[in-house]
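Me: I should like to go through the terms used for this structure and test each one against its definition. Please show the sequence and the structure to begin with.

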Amino acid sequence: MSDVYSQNDNPTNPYSQFSDGTNAVYKLTQDILDKKKAELAKGFDAIEAAPGFIQAKNPMKLNTCLRGAAFYIKSDMEAISKGLAEDRSNAAFAKTREVAQKLGELGAHGRAKNWPQCDKDYAEVQSLISEWKRMVAF
């Protein structure tokens with residue numbers, strides 16, 4: 001066998017991570033999207049606490065706030081951006097990556113105790129989220 005990964009080249013296996021998704025067991029439905037929207041709203045609410053932690057100069061609380069929300073925010077925004085058509089090539093999907101990157105930068109600047117930059121990062125995060133919300137009519 002020349003390619004050790006050739007055993008994974010079965011595009012019809014619904015359980016394979018390498019399949020093309022035509023017979024996938026998991027399909028994104030409107031119910032799942034609605035749950036992700038509700039979960040995302042909670043994540044956005046969690047981020048609203050960040051300015052208080054920045055003003056209090058509390059890097060640990062800021063980090064905890066962002067870590068708890070950031071993972072779900074990214075995955076939920078990606079799912080909502082893709083929609084039921086699962087289109088990863090749209091502008092809203094790309095905007096999701098920008099939001100995730102800026103959240104990471106906010107966390108890094110908080111850990112470095114660079115509070116003026118944290119204020120700027122938070123404003124940029126809110127701006128990016130607002131743009132994304134307009135793109136997907138959230």
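Me: Which residues in α5 are buried?

Reply: The model is a predicted one. In α5, the buried residues are Trp115, Cys118, Asp121, Tyr122, Val125, Leu128, Ile129 and Trp132.

Me: How do you know that the span of α5 agrees with its 22 residues?

Reply: At 1.5 Å a residue, α5 should span 32 Å, and its end C-alpha atoms are 31 Å apart, so the two values agree. Just after α5, alanine 137 takes a positive phi of about 55°.

Me: Why is tryptophan 132 called buried?

Reply: Buried requires a relative accessible area under 20%. Tryptophan 132 has 0% relative accessibility and therefore counts as buried.

Me: Which residue's side chain makes a polar contact with the side chain of tryptophan 132, and what makes it a polar contact?

Reply: The side chain of serine 81 makes this contact, at 2.7 Å. The cut-off for such a pair of N or O atoms is 3.5 Å, with one atom able to donate a hydrogen and the other to accept it. The value of 2.7 Å for serine 81 and tryptophan 132 is within that cut-off, so the pair is called a polar contact.

Me: Is serine 81 buried or exposed, and how do you know?

Reply: Serine 81, which is placed in helix α3, has a relative accessibility of 7% and so counts as buried. Not counting residues up to four places away in sequence, serine 81 touches Asp87, Asn90, Ala92, Phe93, Thr96, Trp132 and Val136. One of these, alanine 92, is 11 residues from serine 81 in sequence and 5.5 Å from it in space, C-alpha to C-alpha.

Me: What makes asparagine 63 a buried residue, and which side chain does its own side chain contact?

Reply: Asparagine 63, also in helix α3, has a relative accessibility of 11%. The cut-off for buried is under 20%, so asparagine 63 counts as buried. The side chain of asparagine 63 makes a polar contact with that of arginine 111 at 3.0 Å.

Me: How many aromatic pairs are found, and why is the one of phenylalanine 44 and phenylalanine 138 called edge-to-face?

Reply: A search of the whole structure finds 3 aromatic pairs. Phenylalanine 44 and phenylalanine 138 are 5.9 Å apart, centre to centre, with 90° between the planes. Centres within 6.5 Å make a pair and planes over 60 degrees apart make it edge-to-face, so both terms apply. The pair links distant parts of the chain, 94 residues apart: phenylalanine 44 is in helix α1, and phenylalanine 138 is in the segment after α5.

Me: Why is the pair of tryptophan 132 and phenylalanine 138 called tilted?

Reply: The planes of tryptophan 132 and phenylalanine 138 are 45° apart, and the centres 5.7 Å. An angle under 30 degrees would count as stacked and one over 60 as edge-to-face, so 45° is tilted. Phe44, Trp132 and Phe138 form one aromatic cluster.

Me: What makes phenylalanine 44 buried but phenylalanine 138 partly exposed?

Reply: Phenylalanine 44 has a relative accessible area of 7%, under the 20% cut-off, and is therefore buried. Phenylalanine 138, at 35%, lies between 20% and 50%, so it is partly exposed.

Me: Which other residues of α1 are buried, and why are they placed on the same side?

Reply: Along with Phe44, the buried residues of α1 are Leu33, Lys36, Leu40, Gly43 and Ile47. They cover an arc of only 95° around the axis, and therefore lie on the same side of α1. The face turned away from that buried side carries the exposed residues Asp31, Lys35, Lys42 and Asp45. The cover of the buried residues of α1 includes α2, α3, α4 and α5.

Me: Finally, how many helices and strands has the protein chain, and what share of its residues is buried?

Reply: The protein chain has 5 helices and 0 strands, and 31% of its 138 residues count as buried.

Notes:
Residues are numbered from 1 along each chain as its sequence is written. This is a predicted model: local features need pLDDT of at least 70, side-chain atom pairs count only at pLDDT 80 or more; totals for chains, interfaces and linings use all residues. Side-chain values use heavy atoms; hydrogens and water are left out. Helices (H or I, at least four residues) and strands (E, at least two) are DSSP runs, numbered from the N terminus. Buried means under 20% relative accessible area, exposed over 50%, partly exposed in between (1.4 Å probe, protein chains only). Rings of Phe, Tyr and Trp (its six-membered ring) pair if their centres lie within 6.5 Å; planes under 30 degrees apart count as stacked, over 60 as edge-to-face and the rest as tilted. Contact means heavy atoms within 4.5 Å. The expected span of a helix is 1.5 Å times one less than its number of residues. The arc is that of the directions from the helix axis to the C-beta atoms.
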